[in-house]
Amino acid sequence: MKRLVCLLLMLLPALGVAQPLRVGSKQFTESVILAELARGEAQRAGIDVEHRRELGGTAILWSALQHGDIDAYPEYTGTLTQELLKDVAPDAGIDALRARLAPMGIGITDSLGFDDNYAIGMREQRAEQLGIRSISDLAAHPEVRLGFSNEFMDRGDGWPGLRQRYGLPATRVRGLDHSLSYRALASGAVDVTDLYSTDAEIAYYHLRVLQDDRHYFPRYQAVFLYRLALERQSPVFVAALKRLVGRIDEPAMRRMNAQAKLEGQREADIAARFLGVPASGREDGFWQRLLHRTAEHVSLAAASLALAVLFAVPLGIVAARWRRLGQLVIGLTGILQTVPSLAMFVFMIPLFGIGAWPALAALFLYSLLPIVRNTHAGLLDIPLELRESASALGLPWRTRLTRVELPLATRSILAGIKTASVINVGTATLAALIGAGGYGQPILTGIRLNDISLILEGAVPAAVLAMLVQWLFEGIERWLTPRGLRIAARE
Amino acid sequence: MSAPRPDYTTPHAADFALHEVTRRYQGVTALDAVSLSFAAGSTTALIGGSGAGKSTVLRLLLGLDWPDAGTVSAWGQPLQRDGLLALRQRVGYVIQEGGLFPHLTALGNLALQPRYLGWPAERIRQRAHELAELARLPVDALARYPAELSGGQRQRVALMRGLMADPDALLLDEPLGALDPIVRHELQDELKQIFSQLGKTVVVVTHDLAEAAWFADRLVLLRDGRVVQDGRYEDLRDRPADDFVRAFTHAQRALPGGAA
């Protein structure tokens with residue numbers, strides 16, 4: 001027991017963060033550039049702003065803004081009318097939205113100067129071959145393969161409504177990450193995908209944007225959403241956001257998207273050039289980045305694991321002692337395990353905001369099951385005659401537990417902890433989606449920018465860390481397993 | 001306040017008693033209205049085939065199992081759940097294969113109970129050495145793990161563990177069942193000597209009639225959860241209660257050539 005406790009003491013690097021103003025961005029390039037523009041403009045006004053990059057999808061940003069975890073983020077009017085505010089007219093203007101958002105404590109700027117509409121696109125050549133010019137032409141071609149971004153698949157203004165409006169056949173639809181859909185289109189893996197009208201790839205891949213002849217898609221004017229409280233607390237920041245209004249036209253935005261996605265320039269540099277300010281802070285060197293992300297990743301995985309051990313081992317003991325309760329505990333932790341990891345992270349946002357805490361909570365919950373189950377199984381697997389021999393010596397439950405049963409279950413418990421830790425190292429890569437950083441950050445950016453070397457910059461260290469953790473625990477197992485059990489196993 | 005704890009210290013004619021005890025496991029009757037008592041200082045052997053209910057008697061006496069009907073008492077007091085620790089500390093229990101804890105050395109196994117009882121280390125060591133002599137276990141075996149001991153040594157250590165706190169009674173469940181014939185024979189001699197030397201109340205379960213007769217003055221033959229006959233070996237041999245007893249005693253065949 002004492003030894004188990006000392007295992008737990010490898011924990012708790014400080015996770016707190018000091019808070020300047022925070023601008024969030026979604027997991028696609030345009031959003032990242034817009035957030036960089038806001039940061040640059042605010043910086044010019046003398047305000048230090050932190051950019052929480054690539055925080056997953058709309059749901060995460062929206063909920064983070066409402067909970068005050070971020071102060072502003074770029075959004076589109078169509079997303080507000082179709083997805084976020086269920087009870088407004090689909091063609092509501094910005095003034096109507098402003099009136100609707102104000103009671104929620106959220107402010108909205110006027111249009112930044114461009115629309116980024118959803119559109120449906122195909123390779124020019126393929127469209128020509130099939131004679132498809134408008135979306136309604138698709139109805140006559142059930143053989144075309146549709147691949148839509150995951151968000152588009154589920155949104156109120158996405159695929160379900162589109163399909164209904166145009167009476168499209170439902171066959172052969174696949175969900176993809178938006179960053180991948182162009183490559184899927186180019187490689188011929190899908191024929192039709194959803195586009196953002198400012199995407200640089202439309203020209204690059206020679207795509208035909210299908211005409212929305214039944215006027216399904218609403219306008220998506222780019223705006224900034226911000227916390228209304230800032231109008232009092234930081235009027236200079238709000239003024240900086242508003243200075244971007246009307247300044248970015250569609251060609252400018254498409255050009256900036258192209259610079260990031262096709263030319264591989266840094267979003268911060270692109271934004272600085274657009275604003276005519278000197279580019280801010282050079283990027284960290286490779287080793288510095290790696291070190292920083294490793295610290296984030298390891299502290300996330302280790303702290304959540306330590307916390308899980310602290311709770312799960314006692315839960316496993318309880319489950320082994322009281323069978324009924326045990327079934328309940330194992331059932332509940334099992335249900336936790338079935339929650340998809342991204343959903344789990346998103347569920348944690350209303351409770352813990354964004355950043356390290358919700359990631360920690362989600363990883364903690366995931367770690368429970370393997371440890372609870374292995375503790376429970378390890379204790380129940382102790383042969384009946386050994387448990388009875390301990391009872392027959394007149395030892396009370398606690399003494400039996402600490403002197404006999406836990407030592408005999410050491411291996412099983414450690415195996416559970418090992419499983420949990422390896423899963424943790426892997427799952428923690430998703431934590432970047434809610435702003436917790438770690439190895440997931442370069443993976444996300446790499447997927448977004450189609451940059452394999454950046455993906456590897458996250459994926460390789462994550463794999464190496466998982467292997468190191470495996471070795472570490474094998475060492476710990478050798479060290480903690482009672483000698484008599486090792487001898488018994490060899491016999 | 002909870003009910004007063006049963007006082008197991010009062011001397012009583014019978015150390016252990018079962019009164020009309022019935023125990024069923026999922027429809028199978030292990031004991032069927034069995035009444036038995038075990039006098040202080042006596043040695044009794046419970047015999048019978050497998051499933052006859054012999055082991056169940058020992059488990060009931062220790063409160064490792066509870067009857068569906070009837071009462072079990074020790075030293076004149078009915079068994080109660082909150083008095084079990086005190087009861088078990090007065091009874092040594094030794095099972096087939098010993099039930100030694102593989103993560104502890106022989107000495108660690110011996111020390112478990114006395115350490116809980118608050119004995120100083122030196123006293124534990126002394127007692128272990130004393131018992132090693134009694135059980136004829138080489139002293140250096142005390143530092144070994146169960147997996148490093150021979151079958152006979154493991155059985156000796158298990159017996160020593162049962163005797164560490166100098167209990168008033170010893171319950172043994174097939175204590176020699178897992179041993180080869182030579183070691184078994186040797187240990188039978190030693191056990192008998194130990195029993196008579198210590199003068200404790202002993203109940204030993206075995207399926208071997210000869211072993212039972214060697215250890216005990218009193219043999220209780222069980223079959224299908226009932227006591228078929230209760231008496232001396234000679235009674236069972238010469239005046240079997242029924243055909244089953246006759247068959248049981250005859251099944252222990254004499255060796256060819258008459259060398260019984």
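Reader: What makes β9(B) and strand β10 of chain B a pair, and in which sense do they run?

Author: In this predicted model, β9(B) and β10(B), residues 226-231, are joined in the antiparallel sense over five bridges, and since two strands pair if DSSP finds at least two bridges between them, they count as paired. Within this pairing, Val220(B) stands opposite Asp230(B), and in the hairpin of the two strands, which has two residues between them, Asp224(B) takes a positive phi near 50°.

Reader: How do you know that strand β3 of chain B pairs with β9(B)?

Author: Four bridges join β3(B), residues 43-47, to β9(B), residues 218-223, and these strands run parallel; the cut-off is at least two bridges, so the two are a pair. Thr44(B) stands opposite Arg218(B) there.

Reader: Why is α18(A) called largely enclosed by the rest of the structure?

Author: A residue is buried if 20 or more other C-beta atoms lie within 10 Å of its own, and 20 of the 25 residues of α18(A) are buried, so the helix is largely enclosed by the rest of the structure.

Reader: What is the span of helix α18 of chain A, and where does the helix bend?

Author: From its first C-alpha to its last, α18(A), residues 356-380, reaches 36 Å, close to the 36 Å expected at 1.5 Å a residue. The helix bends by about 30° at Leu368(A), with a proline, Pro370(A), following within four residues.

Reader: How many residues of domain 1 of chain A are in contact with domain 2 of chain A?

Author: With contact taken as C-beta atoms within 7 Å, 16 residues of domain 1 of chain A are in contact with 13 residues of domain 2 of chain A. The largest share of the domain 1 side, six residues, comes from α13(A).

Key
Residues are numbered from 1 along each chain as its sequence is written. Chains are lettered from A and ligands numbered from 1 in the order in which they are written. This is a predicted model: local features need pLDDT of at least 70, side-chain atom pairs count only at pLDDT 80 or more; totals for chains, interfaces and linings use all residues. The expected span of a helix is 1.5 Å times one less than its number of residues. The bend at a residue is the angle between axes fitted to the seven residues ending there and the seven starting there. A residue is buried if 20 or more other C-beta atoms lie within 10 Å of its own, exposed if 12 or fewer, and partly exposed in between; C-beta atoms are placed from the backbone. Two residues are in contact if their C-beta atoms, placed from the backbone, lie within 7 Å.
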